[in-house]
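The following paragraphs lead the reader through selected features of a single model. Please keep the sequence and the coordinates in view while reading.

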Amino acid sequence: MEQAKQMFSYNIFLIGFMGSGKSTISKYLKEHYGMEKIEMDKRIEEQEGMRIADIFRVHGEPYFRDLETKLLMELQQEKNKVVSCGGGTPMREENVRQMKTNGRVVLLLASPQTIYERVKDSHDRPLLEGHMDVAYIADLMQQRREKYEAAADLVIHTDGKDQEEICKELVQKLLEWEAGSCIR
C-alpha cells in the first residue's frame, strides 16, 4: 500500500454517469491501493445536513452545482485521494479546471442498459426520479457525453468487468500516462 502513496502524488477524480461505478471503484482503490476515498455527494450532504435530493428540491440544481465547485476548490490542498464525483460535476468547465489542477480525471463508461440495471431500484437519483428507463438514461448520457470526454484524461470501459479488472486497468493506464505512453 505504501507504494500507491508514492505512485500517485495527485488526486484521481472519477467521473461518469450515475451508476457507472465511481463509488465502487473508489472504494476498491481505497482498500487495495491505500488511497483516501472522498465521495463528493456524501461530503456535500454532511456539510449541508441534508440529502442531495432534498438540496435539489429546496435550493435547486444551480445551488447544488455551486457546492460541488466549492468542494473541488477545497480539495486543491489534498493529495493522493480518490474522489468519486457526482454525475454532473464535469458539466461545469470550472469544475474540470479544478480537477485538472491537482489530479487526473478518469472517465468510467458503462452502457445505458448497465446503468439502468445498477440504478433501477435507487430513489437517491433526483435526475432519474420518474424517468427510470433505458431510453431516458441513454438520452441523458448522450447530452453529457461531449463534456465527459472533454474532461477525461483517461477512459475506462466498465461493462463486463469486475472491480479488480477495472482498477488494475485504471492504475496501469495512469502509470502509462505518467510515462507518456498511454493512449486514452
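In this predicted model, strand β4 (residues 103-109) is largely enclosed by the rest of the structure, because six of its seven residues are buried. The pairing of this strand can be followed to two partners. Strand β1 (residues 11-15) runs parallel to β4, and five bridges join the two. Within this pairing, Ile12 has Arg104 of β4 as its bridge partner. Strand β5 (residues 154-157) also pairs with β4 in the parallel sense, here over four bridges.

The discussion now turns to a pair of helices. Two packed helices are described by the angle between their axes and the distance between the axes. For helix α3 (residues 40-48) and helix α5 (residues 61-74), the axes come within 10 Å and cross at roughly 105°. This angle falls in the range of 65 to 115 degrees, so α3 is roughly perpendicular to α5. On the α3 side, the contact involves Met40, Asp41, Arg43, Ile44, Gln47 and Glu48. These residues meet Tyr63, Phe64, Leu67, Glu68, Leu71, Leu72 and Glu74 of α5. Sorted by class, the contact of α3 with α5 comprises seven nonpolar, one polar and five charged residues.

The cysteines remain to be considered. Cys85 has a relative accessibility of 2% and therefore counts as buried, the cut-off being under 20%. Cys167 is likewise buried, since its relative accessible area is 0%. With a disulfide taken as a pair of cysteine sulfur atoms within 2.5 Å, the model has zero disulfides.

Notes:
Residues numbered from 1 in each chain as written. Predicted model: local features only at pLDDT ≥ 70, side-chain atom pairs only at ≥ 80, totals over all residues. Heavy atoms only, no water. Axes fitted to C-alpha atoms, helices over the stretch in contact; angles between N-to-C directions. Parallel < 35°, antiparallel > 145°, perpendicular 65-115°, else oblique. Contact = heavy atoms within 4.5 Å. Nonpolar A, V, L, I, M, F, W, Y, C, P; charged D, E, K, R; others polar. Buried < 20%, exposed > 50% of the residue type's maximum accessible area, 1.4 Å probe, protein only. Pairing = 2+ DSSP bridges.
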